[in-house]
Every structure is written in structure tokens, then in C-alpha cells.
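Subject: Structure for your review

Dear colleague,

Please find below the structure we discussed handing over. My findings follow it.

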Amino acid sequence: MAKWGMVIDLEKCTGCQACSTACAMENNRLPGESWQDVLFYHEGKYPNVKMSWLPRPCMHCENPSCVTVCPTKATYKTADGVVLVDWNKCIGCKYCMIACPYGVRFYSDDKAIIEPDLRKVFAGDGKRSWNPPYRMADASEDATRGIGIQPRGVVSKCTFCYHKISKAPKGVADLDEDNPQTKEHTPSCVRVCAPKARYFGDLDNPDSRVNQLIADKGGVRLKEETGNKPQVYYLSGGGSPVVPGARSSGKA
Amino acid sequence: MTTSSMSIARPNTVLVIAAIGLVVTLGMAGMNLMAQGHAAFNTNSVGISWGLPIVTYDYFLLTSTGLTLVASLPLVFELKSFQPVAKRCVWLAIAGLVGGVSSLALELGSPIKAISIIWTFQTGSPLFWKVLFVLAHFVLLVVLFARMRGGGPVRGIAAAQFVAALGIALIAGAVYGMMAMRPFWFGGDVPVAFLIESFLGGLAFIIFFSYLAHGFNAQAMPADLRGLFGGALGATFAVVIALHAAFVGARVVTGLWSNAEGLEVWGYISSRPLFHVEIWLGIALPLVLMGSRGTRQNPTMQIAAAVLVMISLLISRYDFIIGGQMVPLFKGSWAPSLLAYVPSTTEWLVFLAAIFLANVVNAYGEWKFDLDGR
């Protein structure tokens, strides 16, 4: 069984947000509810300003605090290493949102982050909290895995496009958009990345590209001190990915 | 006027006012929630996920456990001088619990499905244990009160009740204290602080509601109850305020001193007037009032100290729960350094509905059951 993970090369990422857009289209996200986002950070003041960006999907941690705190086991980790939410079990207590160190979860009933509220424009039918004209095929939706448009009162998050990767050929080391065999099984954010800053593969397979990159380029994970052990690694030219805190950047 | 006529007349007034308030606030909150869902709340997925309804829930829950702890003094530890407040403590604990849980029910995405927490047996989650203990707490409170009314043996059930209350207060603290990713909350001292705050709330509430039941007329109260407030309970109140002050002081000083990311919230909180109301009016002044023998025995000062502590604990609970979520996690430069949150009208209505519901239940008990009885 594979243990899926992602590598994001920050030296290649241009902050174009193609990944965020592809994710929103693939997974029918409301504007602002970006399961996959590219965060921008700046430090200093003009004319000495440093700008950096950080693509931030769910980290699908090895030791996910969101899974531990979920009182109904609605959030769970699959055998192939992906953290999912069973919307049939989620009670909307939002403890997972509190416990996630990476802020990657969204509650479906909150105020719209970006107006107009498309949930009102495309009203839901009970099963779905909203009903956009563009959406994934009904057959692809799976409430037990948090795939598709969520009902009201539950929490949603990035699934690593589980509806695609779970159907990948067995035993492949990497899911690469350049490989015709795995193209359709590659997560959308990886598939559309123009500068090819994203890689997706089996972290348990020593021959996978993701493992080679982590080893060769010194892949690092965010917030190691929490012990969550993300399965998303960042390549930043040898140093840690730059995520300035409010205090260290003089913002606080 | 006799004691019994006073204790019947006042709760009837409270009952009517609380019932009207409950219908109005719950009706308005219900309509808003049905029309808008939880978009009627000012919580959001940017960072402030738990708002005023959770503050209300924890505030009432900890008050309920605190009242149980106070009741356990005579019922479990045989401090007979506390016997005059035992029955009212138990009933008031039920009332507080009902009020708090009602707020939680309006906050959850699917409150009906939440019952599944019991059989999913997710032992790693503090919320599993919290729900389990709260259920036990409620059942034990009802059984204990029935036994107290019926005159049956209560020590065993009261001991179990004590364990449940102790567990809830500690677990409620652990829900926050275990969150290593939120430095403002993280720490093993948090469950202990919650336990002390719970006990303090129990003492403040029993003083206030005992006086309320007697029309704020000390002369209408039984002599042993009067003596208890001016004596052992008042002194205990002072000691627990001092312990609470020590915990609050330690956390504030540590938080303000530290340069750690996430603890900058303390700078913001301590700059707000409400923080100073909490510290100086809600902790320091009651400590002076209850620490001094002269004022401790003055009913007006007892009531004032109780009210100030009740308000102070609410501010403290609010600042703690909201403060822990104010530092945005991985939101980029577009997010402010500290997230803003102001409760919506619907959230305030839920808060008021919880208060009114708790008062309806309590006033009904004052009316129907002799809570001064032994």
C-alpha cells in the first residue's frame, strides 16, 4: 500500500495560483474556501521588502491532531496515508479546525468569505449545501470521504483529490501528469502546476521521485514541533520554508 | 414576612421574567439560525471557529461542576456547616448545565448526530471524555437531587458526582491545554486553572442565587445559611479567589514577558478595558471584600463580591477561548496579525437564551422544591 505524499519546490513556485484555481474547480470550492491556497508573505518595509509565497494544501499528517481530537471518528486516515472527513459522521463541532496547526479546514455553514454568497445564488438541495452548475460528476462524489459538495454543518478539507489518486494503478511510485498512465490520477494542483513545482508520489517507495527530491534537496516539513509529521515536504534550497511569524516580521 | 413566603414569591417573579426572556431570545435566535444557518454567527473558517456560544457553554458547564464541588463539601467530605447550601447547589448545577448545553446544541452543526460520540469510543479525543463525563454528571445530579428530596442515602452518589465534576473541569481545561499548536492555550496548568475557576464560580453562584431566592434580604434567610456565608463559605470564597488570582497573574505575567509567537495575544488582551474590569473589579476587589472579616460578614458585600466574580469569570472565559484563536494559522500576509471577533446579534441572543433557560429551571426548583430544606 502506498503512502501518498507531496513535495513542493519553493524555488520553482511562481505564486501563480493555478493550483488554487484547479483545486476550486475540481472540488467545487466556494470562493475563499481554498482547500489549496498559495499564501503570500512579506517582510520589511519599502524599499527593503522581501516577498515570499507558500502553497498550502492539507498536510495529510502522519500523526494528525485533527484525527485524534475528532470525537466521532469522522476525520480519519486511510491506509494509503490520506486524511479524509466522513460527512455522514461529522457533527460540526469544529474541534479539528481548532487542532489543525495549518489552518486548512473549512466549516460549510460559516459566513461567506467572499461575497456574493454563492450558496444563495445556487441554493442547495439538502444533500448539498450549494448546487453550482459546474460540479464534479455525481458518481465521483463520496460523502464518506469528504469528496464533492458538502452538506450543511460539516467540516471540509483537501482530499489530495482522493477520487483520482485512489483509482491509480497499483504499485506506481509517482503520480505524474507527464506520464500518460498516471495523468488522470494526479491531484489537480499537481497536474496544472506550470513551473512543475509540485510532485506527488509514494513516500514509502524508495524509488519514488518525491523521496529522491526530499533526500537530494533537503525537504523540510512545517511546524515539526507539533509532532504532526506532515506528508507534504517543501524544498527551499536547503533552508526552512519562509513563513514569518507576526512577531518576527514586526507585524504584531 | 416569613422565610417560606419570601422564597416562594421571588422565584415566581424570576420564573416569569426568565420564561418571557427565554421565549423572546430563543425565538429570535431560532429564526435567525433557521434563516441563515451558522452564517448568523460571526465565527469563520479564517480562524475564529469557536465563538460566544462555546464561551457560554464552558462558562455554564464549569459553573455547574463548581456548584457540585461545593455541594460535595457536606455530602462527601462531611463539612456539615456547608449543609445549608447543598440542595440548592445541586439544583442550580442542573440549571446551569441545562443552560450551557442548550448553547452548545445551537452551536453544533448536527447536535442530534453528536450523540454518536458515546459509541464511537474515540478515547484519544478530550471531547469524547468530556461528553461522557457530562452525561454522567447530568444523570448523577438528577439522581442525587431525587435522593436528597426523598431522604435516602446520598454519600455514595455524591462521591460519584464529585468525581464526575472534577473530571469535567479538568477535561474542559485539557480540551484547550492540549493544543500545542496554539501557544496561548497550551500548558498543563490550564486544566488546574479551570478546576479552580470552576470551584470559584460555584461559590459565587451559590451566594448570589441564595440571596436571590430570599429577595436579597439576609434576614429572610435561615440563620445557619447566613452564618455560613459570613463564616466558612465566605472565607473559602476568599481563599479560592486568591488561588485564582495567582493562576491568572502567573499566566498574564508569563504571557506578557514571553517573546514566543502566539503569546502576543496577551498584549492585546491586557490593553482592553474589560481585562482590567476582570482583574481589578472582578478579582482584586472581591478578594479584599471577602478577605476582610468585616466586609465578609456584610450581606451586601457578599452579593457584590459574588456578582463581580461571576462577571470576571465570564470575561476570563471569553478572553481565553477567543484569545487562543486570534493568531491566524497559515493565512498569509493578507490576514491581520490578530484576527478580530465581535459576537453577532444571534450569538448574543443564544447567550441570553442560555441565561434565561438556566434561570427558568432554577426558579422552577425554588418554586416547587424546598431548596433551603435539608
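How many helices and strands are there in chain A? Chain A has seven helices and nine strands. Please bear in mind that this is a predicted model.

Overall form of chain A. The radius of gyration of chain A is 18 Å, which agrees with the value near 18 Å that a compact globule of 252 residues would have. Along the principal axes, the C-alpha atoms of chain A fill a box of roughly 50 × 45 × 35 Å. Of its 252 residues, 50% count as buried.

Contact between the chains. Chain A contributes 41 residues to the contact and chain B contributes 39 residues. On the side of chain A that touches chain B, two or more residues come from each of β2 (37–45), α2 (65–69), α3 (95–99) and β6 (106–107) of chain A. By class, the residues of this side of chain A are 21 nonpolar, nine polar and eleven charged.

A helix pair in chain B. Helix α11 (residues 273–291) and helix α13 (residues 299–323) of chain B have axes that come within 8 Å and cross at roughly 145°. The crossing of α11(B) past α13(B) is left-handed. The residues making this contact include Leu274(B), Phe275(B) and Leu281(B) of α11(B), together with Leu308(B), Ile311(B) and Asp319(B) of α13(B). The contact of these two helices comprises 16 nonpolar, three polar and two charged residues.

Yours sincerely

How values were computed:
Residues numbered from 1 in each chain as written. Chains lettered and ligands numbered in written order. Predicted model: local features only at pLDDT ≥ 70, side-chain atom pairs only at ≥ 80, totals over all residues. Contact = placed C-beta atoms within 7 Å. Helix = DSSP H or I, 4+ residues; strand = E, 2+ residues; numbered from the N terminus. Nonpolar A, V, L, I, M, F, W, Y, C, P; charged D, E, K, R; others polar. Rg over C-alpha atoms; globule rule 2.2 N^0.38 Å. Buried ≥ 20, exposed ≤ 12 C-beta atoms within 10 Å, placed from the backbone. Axes fitted to C-alpha atoms, helices over the stretch in contact; angles between N-to-C directions. Left-handed = near helix turned anticlockwise from the far one by under 90°.
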